[in-house]
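Subject: Structure for your review

Dear colleague,

Please find below the structure that I am handing over to you. I would be grateful if you could look through it together with the notes that come after.

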Amino acid sequence: MAEGERQPDKGVVDRSEGFGERLLGLLLDRARLLPPQQIAPLIAEEVAGIGGRDVSILLQDYAQELLVPLPGRKLHVGQPEPVTGSPAGRAFLRAAAVEVPQAGGSVRMYLPLLDGSDQVGVMALTLDAVDDDDRRLLGRLAGLVADLLVTKNAYTDQFFLVRRREPMSVSAEIQWGLLPPLTMSVPQVEVAGILEPAYRVAGDSFDYALNDNILHTAVIDAMGHGLDAAAMATVVIGAYRHARRVFVSLAEKYAFLDDAISQQFGPDHFVTAQLMHMNISTGEMELVNAGHPAPLLIRGGRVLRQLESATTLPVGFGGEAPQVREHTLQQGDRVLCYTDGIIEEHVAGGEPFGEERLIGCVNRLGEEPSEGLRADLRRLSHTLKRERGGRTSDDATLFMIEWHGGAADHFATME
C-alpha cells in the first residue's frame with residue numbers, strides 16, 4: 001500500500017472507479033479459460049465483492065414468454081419470471097435497468113444482459129444501497145456478463161437446455177441454429193424477428209446483415225413441414241449468405257437461391273422469399289417479392305399500405321429475372337414482413353385469419369405507447385396468436401424493420 005493511503009474500514013465495500021475496473025478485469029481474466037458451467041458462479045462471486053447478493057442470471061425461453069434462472073453454485077435460483085408484468089421482464093424488454101426497493105432499505109436490481117443490442121437475458125442482484133457509481137459499474141458488469149454468456153454458449157448445451165421449456169423438434173433445432181440474433185439496433189435502423197411455433201418451426205427463417213450503409217434482409221418460407229422444409233430453408237439461407245458476401249445485386253441473389261433449390265431438390269420443391277436492400281442513410285429500399293405476402297408499411301402506429309412489387313415465381317421454379325421495386329421510407333417508418341402462416345390459419349367458423357385481421361391488430365396495438373421495436377413485435381406476435389385461438393398449425397414468422405434515419409457514420413461524428 002502506498003505511503004499515506006488509508007486502509008478501507010472493515011466491512012466497507014469498495015466501489016470506486018479503480019476498484020470497478022479491477023473487478024471487471026479480474027472477471028475477464030478468470031473467465032477466459034473456465035468451463036461454461038463455472039461462469040455463472042464466478043459472476044456471483046465477483047458481484048459479492050461489491051456487496052451484491054442473491055445473484056440470478058435469467059435467460060429468455062424460446063417462446064419469449066419467460067425469463068428462466070440459470071442454475072449454478074452460489075446463484076439464487078427461483079421460479080421463472082414472466083416477460084410480461086415482472087421487473088425482470090421490464091428490464092429485458094426496455095433494455096434498461098430496473099430498481100425495486102426491498103424491505104429494510106435494500107434494492108433489488110434487474111440489469112439487461114445486452115450482447116450488442118441483442119437481449120440475452122437479465123442479471124438480478126440485491127444491494128443494501130445504490131448510487132450512480134454502482135449503477136455505472138453494474139451496467140458495465142452486465143455488458144461483460146452478456147459477452148461471456150454468448151461466447152461460452154458456443155461450447156455447451158447448458159444455456160440451451162435452460163431456455164428450452166418443452167420438447168423441441170429436430171427441424172426447430174436446425175432453424176434456431178440457423179438464425180442470426182433476433183434483434184439488432186444501430187442509431188439509423190433496428191430489426192427484430194420472431195418465429196412461431198417456437199418448438200416446432202420448420203420451413204420459416206430470416207436473415208440480415210448490415211454492410212456499410214446497406215441493410216440486407218431476407219424472409220423465407222420453405223414448402224412443406226418437418227425436416228424436408230428445414231433442409232430447404234438451410235440451403236436457401238446458405239445460398240443467400242453466399243450471394244450477399246460476393247456483392248451481387250438483389251436480382252442476382254434471387255437467381256442464386258433459385259439455382260440452389262432447383263439443383264438440390266428438383267422442380268417439385270420451392271421456397272417463397274422476400275429480399276430487401278435498405279440504405280440506412282436515405283431510407284431508400286429495394287424489394288424483390290418471390291411469391292410472398294407483401295410487406296406492410298406502418299407509419300405513426302398504423303398500416304399505411306402494402307409495399308407492392310411485381311411478384312416473381314417462388315425460388316426453385318426457374319423464374320425469370322425479377323423486377324426490383326423501389327420504395328422510400330420516412331423517419332420512424334416500420335416495415336412488417338410476415339409469412340403466410342399468419343394469415344392462412346383458420347379461426348372459428350373455418351375461415352382464414354386473413355390480412356384484414358392482421359392489419360386490425362397492428363393498428364390497435366399502434367394506439368398503445370411503444371415499448372421499443374422488439375417489445376412491440378413480441379406483443380404483436382402474442383396478440384395474433386390469441387386472435388387465432390392459440391393455434392399455430394403452420395410456421396408463422398414476423399420480421400420488422402424500423403428506420404430512424406441519420407448519417408451512417410454516426411459514431412464517427414460523435415466527437
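The notes below describe the chain as a whole and then turn to one residue, Glu46.

Please bear in mind that this is a predicted model. The secondary structure of the chain consists of eleven helices and 17 strands. With a radius of gyration of 23 Å, close to the 22 Å given by the globule rule for 415 residues, the chain is as compact as a globular protein of that length. Its C-alpha trace spans about 80 × 50 × 45 Å along the principal axes.

Of the 415 residues, 52% count as buried. Among contacts with a separation of 6 or more, 65% are between residues 24 or more positions apart. The chain exposes about 18,600 Å², and carbon and sulfur atoms supply 51% of this area. As for charge, there are 38 positive and 58 negative side chains, and the centres of these two sets lie 6 Å apart.

Glu46 is located in helix α2, which covers residues 39-48. Its relative accessible area is 8%, which is under the 20% cut-off, so Glu46 counts as buried. Leaving aside residues up to four places away in sequence, Glu46 touches Leu23, Leu26, Leu27 and Arg30. Glu173 lies 127 residues from Glu46 in sequence, and the C-alpha atoms of the two are 34 Å apart in space.

Yours sincerely

Key: Residues numbered from 1 in each chain as written. Predicted model: local features only at pLDDT ≥ 70, side-chain atom pairs only at ≥ 80, totals over all residues. Heavy atoms only, no water. Helix = DSSP H or I, 4+ residues; strand = E, 2+ residues; numbered from the N terminus. Buried < 20%, exposed > 50% of the residue type's maximum accessible area, 1.4 Å probe, protein only. Contact = heavy atoms within 4.5 Å. Rg over C-alpha atoms; globule rule 2.2 N^0.38 Å. Areas by Shrake-Rupley, 256 points an atom, 1.4 Å probe, with all protein chains shown as cover. Lys, Arg positive; Asp, Glu negative; His and termini not counted. Charge placed at Lys NZ, Arg CZ, Asp CG, Glu CD.
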